[in-house]
Amino acid sequence: MKLLTHNMLTSHVKGVTKGYPLLIKATEVKMNEVEFNPQFVSRMIPKLEWSALIQAAEGLGQRQDLPGELVQDYEKDDEFLKKVHRVLLEVEVIEGCLQCPESGREFPISRGIPNMLLNEDEV
């Protein structure tokens with residue numbers, strides 16, 4: 001699961017009002033080189049919850065020098081876009097789980113795929 005995917009997932013367990021951001025509990029993380037596409041990254045940035053991305057990267061020990069706040073005119077800043085690209089698309093959680101911040105419910109991640117399916121009593 002890439003951190004781009006993580007940034008868009010939320011817990012929909014019945015009764016949960018604050019199901020975002022999910023806490024990542026990784027047992028295996030891999031780095032996969034992905035071709036840099038500055039246009040894609042700059043189009044994705046406005047769709048991100050920046051603080052959740054920073055928290056996820058930090059929790060995995062992958063934040064490095066990614067700033068806590070968005071930089072001005074990031075579309076023209078290739079160095080910044082490369083840092084975001086690395087965190088969004090190259091850091092991949094292979095095994096572990098995602099934990100709902102409110103209910104504590106854990107959603108398994110297996111072979112890079114998060115299973116967000118709910119049990120009948122959770123819908």
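Me: Before anything else, what counts as a disulfide here?
Reply: A disulfide is a pair of cysteine sulfur atoms within 2.5 Å, and in this predicted model the structure holds zero disulfides.

Me: Ok, and where is the nearest cysteine sulfur to Cys 97?
Reply: Cys 97 takes part in no disulfide, and the nearest cysteine sulfur belongs to Cys 100, which lies 12 Å away.

Me: Is Cys 97 buried or exposed, and what about Cys 100?
Reply: Cys 97 counts as buried at 12% relative accessibility, and Cys 100 is buried as well, with a relative accessible area of 2%.

Me: Changing topic, which residues does the cis peptide bond join?
Reply: The cis peptide bond joins Tyr 20 and Pro 21, with an omega of about -5°, and Pro 21 has its place in the loop between α1 (3-6) and β1 (23-31).

Me: What is the phi of Gln 64, then?
Reply: Gln 64 has a positive phi of about 50° although it is not a glycine. Gln 64 is found in the loop between α3 (50-59) and α4 (78-90), and it is exposed, with a relative accessible area of 58%.

Me: And where does Arg 111 sit?
Reply: Arg 111 is in the loop between β3 (106-110) and β4 (113-114). Its phi is near 50°, a positive value in a residue other than glycine, and at 72% relative accessibility Arg 111 counts as exposed.

Methods. Residues numbered from 1 in each chain as written. Predicted model: local features only at pLDDT ≥ 70, side-chain atom pairs only at ≥ 80, totals over all residues. Heavy atoms only, no water. Helix = DSSP H or I, 4+ residues; strand = E, 2+ residues; numbered from the N terminus. Buried < 20%, exposed > 50% of the residue type's maximum accessible area, 1.4 Å probe, protein only.
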